[in-house]
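Hi,

Here is the structure I promised to pass on. Have a look at it first, and then read my notes below.

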Amino acid sequence: MLIFLAVLSALVVGALSWLLIGPTVAAAVAVLMLIGGLVAQFGDRSVRRPIGTVLLLALLAGGTYGTIVAVDLVEALTTTDGTVDMADQSQLASAEDKLEGLAGQSSFQLELTEPELQAVVQDGLAAADDVPVRRVDLDLRGATSDVGFRAVFKAGGVEATGNASIAVVDGGIDLELGPLEFGSVQVPSLAAGAIQSLLGAVTDLNAALEDQQAVVQSITVTDDALIVTGTRGTDEVLTDGDLLAAIRDQATGAIDAVQAPPERIGQGRLAGLDEPGEPIVLAIGDSLAANVGVDDNRDGFVSRFHRFVADADGVPYGLVNLGVPGETSGSLLTGGQLEAAEAVLASRPAAYVVVDIGANDLLGHLTSAECGTDLANASCQRLVDETLVTYRTNLEQAMDRLVAAAGTARVLFLQTYNPFSLGLGESAQERESSTMVSRLNAVAAEVASARGIAVADGFTPLQGTTAATTHMLDAEPDIHPNAAGYDVLAGALVDAR
């Protein structure tokens, strides 16, 4: 009987100790109570009664207190009736103005102060349905790069406190909770999971950022603000700004000084984006895959490469081109293009899969405040470093999925060219931008080669030619290739196949 009482007491009091103090102390308490039960059962009769009394009192006290705690916990997590505190409207308006200000920018650095972030979170909480939380207070901590929080529930007379780390995942903001306390109780994993889902919803800035086609590349936490850096999924990249103006000034009167290389691959046969035939040539990527810069899709590198390999292999390959203008490595993971490619590869055999992605991750920053006039300054270099870290992570995930879906198809990755390499005499801007693009290409080459993906050098053959192979010197300047530039890129893919 005493053994049974000891086991029951150990379970109840041990569980309560785990909630209040932690698992280590809980284990020690449980072991001591079990030892006490064994001593009482098999020891001298003089110790049985006092030990039995202690075990019984511990069971009754622990059970009673545990029941009260459990009731409060369940009530707090399940009660959704009641009002939610209103957000500070002036701080909310300030945050919304900053988010709306992202429009028209190819890259961005969004700085939300702690009161502004608090207002966004509280407004999200008020808009959520059936939530048990009345208010969430945040405390940004620059020293540890995390966020402290206090969740006040509508019922139960208790609060949840803890901290959350913030990270970039798939081009968005991810919030991961650390240890939680529910009043004086450490929250069980089941309750912690419920709060994780809740806070993940109400503190999610991703929806607001997605409205602006924003892809997050890095996050910095200070004691006063959350700084989000990224690019926007827009094809309006590098058509203005101080950097482009400086290069255009250099090029004035020298438009005919650079000649395009002679055509090598030639125009493609297929103008459609989805043409019958099996196996297929599948293309995914950004505006280059999408043929931006030419009026006829047959002038793009995808159709040119398709015609060449079909003739060289003697196979009437079909064609599927899924390229999306403005795509970044982050939006490739979340915007649906990669899922569409996986679906195509699951339904149609492929001979070649061609990928180009990364230009929009990097080049959009060249018109930013950090890089717009001086690419060599420390702020710009730090931005590039952060961009490349995120690019590598995104590309690894995307290429793993693509290789798994491609089966026996030959996968080729087309590296990025530098649109500022005009060939009119190297300037500091051209030199620094070439260095930045080379760093991006080095990351892509490492990721691709590690997965058996062939790397096509789209950088070297266009160096010193973009005055003639892109639209950089048009009346409305544009980084995209013309037909001659796309022919060079198709040749790079042919060389790598």
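**What I found**

S145 is partly exposed, with a relative accessible area of 39%. On the terms: buried means under 20% relative accessible area, exposed means over 50%, and partly exposed is in between (1.4 Å probe, protein chains only). Those areas come from the Shrake-Rupley method with a 1.4 Å probe, and for residues only the protein chains shown count as cover. S145 sits in the loop between β2 (133-141) and β3 (146-153). Helices (H or I, at least four residues) and strands (E, at least two) are DSSP runs, numbered from the N terminus. The backbone at S145 has a phi near 55°, a positive value in a residue other than glycine.

Before going further, some ground rules. This is a predicted model, where local features need pLDDT of at least 70 and side-chain atom pairs count only at pLDDT 80 or more, while totals for chains, interfaces and linings use all residues. Residues are numbered from 1 along each chain as its sequence is written, and side-chain values use heavy atoms, with hydrogens and water left out.

**Other backbone spots**

N291 also isn't a glycine, yet its phi is positive, at about 70°. You'll find N291 in the loop between β10 and α9. Is N291 buried or exposed? At 3% relative accessibility, N291 counts as buried.

There is a cis peptide bond too, running from E278 to P279, with omega near -5°. P279 is in the loop between β9 (274-275) and β10. Strand β10 itself covers residues 280-285 and includes V281. V281 is buried, at a relative accessible area of 1%. Its C-alpha atom is 6.0 Å from that of A351, although V281 and A351 are 70 residues apart along the chain.

**Salt bridges**

How many salt bridges does the structure hold? There are 19, where a salt bridge is a side-chain nitrogen of Lys or Arg within 4 Å of a carboxyl oxygen of Asp or Glu. Here are some to click on:

- D296 and R298 meet through their side chains at 2.8 Å, N to O. D296 is partly exposed at 22% relative accessibility, and R298 is partly exposed at 30%.
- D311 and R307 pair up at 3.2 Å, N to O. Both lie in helix α9 (residues 301-313), four residues apart, which is about one turn of the helix. D311 counts as partly exposed at 43% relative accessibility, whereas R307, at 16%, counts as buried.
- R497 and D313 form a salt bridge at 3.4 Å, N to O. R497 lies in the segment after α16 and D313 in helix α9, so the pair ties together parts that are 184 residues apart in sequence. R497 is partly exposed, with a relative accessible area of 33%, and D313 is partly exposed at 30%.

There is also a network of salt bridges that links E263, D299, R304 and D487.

Of the 14 residues in α16, 11 are buried, so the helix is largely enclosed by the rest of the structure. The expected span here is 1.5 Å times one less than the number of residues in the helix.

Helix α14 (residues 428-449) has 22 residues and reaches 31 Å from its first C-alpha to its last, close to the 32 Å expected at 1.5 Å a residue. Its buried residues include E430, M436, L440 and N441.

**A charged patch**

Last stop is the surface, where E96, D97, E100 and D123 gather in a patch of negative charge. Patches are made of residues with over 30% relative accessible area and no salt bridge; like charges are joined within 9 Å, and nonpolar side chains (Val, Leu, Ile, Met, Phe, Trp, Tyr) within 5 Å. Lys and Arg count as positive and Asp and Glu as negative, with His and the chain ends not counted. The place of a charge is taken as NZ of Lys, CZ of Arg, CG of Asp or CD of Glu.

Which helix gives the most to the negative patch? Helix α4 (residues 89-100) does, with three residues. E96 is found in α4 and is partly exposed, with a relative accessible area of 37%.

Cheers
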